[in-house]
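Thanks for making time this morning.

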Amino acid sequence: MAVVDSAPSLEILVRGPEGFTIWTGPPFSHGQPGVKLERVPCTNAKFTEDGSRLMVMKSDSVISIYDTNTLKEIRSFEISSIAAATLSPCGTYLQTFQKSTTPQEKNVILWRTDTGDAVHHLFQKNMTKTTWPTIRFSGDEAVACRLATNEIQFFDSSDFSKGIVYRLRIAGVAALELSKAPGSHVAAFVPESKGIPASVQIFACEKVLQSQPVARRSFFRCSTVQLSWNCGSTSLLVVVQSDVDKTNQSYYGESKLNYLTTDGTHEGLVPLRKEGPIHDVQWSYSGSEFAVVYGFMPAKATVFDRKCNPLLELATGPYNTIRWNPKGRCILS
């Protein structure tokens, strides 16, 4: 008789004011979770995108990396005056940001987590949501790049000693988002300037394919954008936000949800059936559906397929957040 593989055990990280612990997930013994890892003092804890590593900031100068299979500490870094830190999607690299006053102080450092070696240094004056992490990785870590003035700089993600290996010139580029896995495309945002509308453009990551964008969408009344790739790197959702609502219905401005595909088959608005802001947008883990919470309260929640056809609509309610379970069968709003 064939042996059916059991599902991996569920583990729950619980943060508190004094640190974090890891519990065993359900089913619970005697109605209570078991403790798999006793409390570890920390100021922050975050899993990698693939779940293989856990980064724990124990103070403003100590960062520990844990293997999530064994829950053993595999590397510890002592770095003075850390302002921010993050792991690459597969946990190969740790990136740290320290405050700096001069460009001579290279305050962004990329470290290999297996050896503890620093493999790349650069200067960044300020840290913002748009500019951090400084070096961006695709979900499979096949592509690494960073935003610079009027260009996107690409690195060899397996050998940073080569420095910048090629550049994608985009005048006025202000934000980027690499596709997840495969790391095949990069989305670039250019704000409005001198009467020219803002735009989001999608380029292939391979240098030989970068002469023209594979997709492009322009917008007026655009202050900021939120870029979200699906798993599979075929589709991009763009939340366009303006500070002013021309209808004067919202103090928070207005927002629109746009949808682009890398094959150029779709570039346009997602058909939402209620006026009001976009509260949340999330792709399912399969990358074949996305869920949107939108509209003036009580808000609506709708699930769409990759052709922007509605698959499911929830009754209106006080929603502002939506999440998928890992199998993509359930949503929480």
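Rings of Phe, Tyr and Trp, taking the six-membered ring for Trp, are paired here if their centres lie within 6.5 Å, with planes under 30 degrees apart counted as stacked and over 60 as edge-to-face. Please keep in mind that this is a predicted model.

By that rule there are twelve aromatic pairs. In one of them, Tyr-93 and Phe-137, the ring centres are 5.4 Å apart and the planes stand at 15°, so this pair is stacked. It joins distant parts of the chain, since Tyr-93 belongs to strand E9 and Phe-137 to strand E12, 44 residues apart. Tyr-93 is buried, at 2% relative accessibility, and Phe-137 is buried as well, at 13%.

Phe-137 also pairs with Phe-160, and here the centres are 6.1 Å apart and the planes at 65°, so the arrangement is edge-to-face. Phe-160 sits in the loop between strand E14 and strand E15, and it is buried at 4% relative accessibility.

Turning to the nonpolar cores, the largest has 16 residues, of which Val-200, Leu-236 and Val-238 touch the most other members. Strands E17, E18, E19, E20 and E21 each supply at least two of its residues. A second, separate core of 15 residues includes Ile-152, Leu-168, Ile-170 and Phe-203.

Finally, Ser-52, in the loop between strand E4 and strand E5, is buried at 18% relative accessible area; beyond its neighbours within four places in sequence, Ser-52 contacts Tyr-66, Asp-67, Thr-68 and Cys-90.

Terms used:
Residues are numbered from 1 along each chain as its sequence is written. This is a predicted model: local features need pLDDT of at least 70, side-chain atom pairs count only at pLDDT 80 or more; totals for chains, interfaces and linings use all residues. Side-chain values use heavy atoms; hydrogens and water are left out. A nonpolar core is a set of buried Ala, Val, Leu, Ile, Met, Phe, Trp, Tyr and Cys residues joined through side-chain atoms within 4.5 Å. Buried means under 20% relative accessible area, exposed over 50%, partly exposed in between (1.4 Å probe, protein chains only). Helices (H or I, at least four residues) and strands (E, at least two) are DSSP runs, numbered from the N terminus. Contact means heavy atoms within 4.5 Å.
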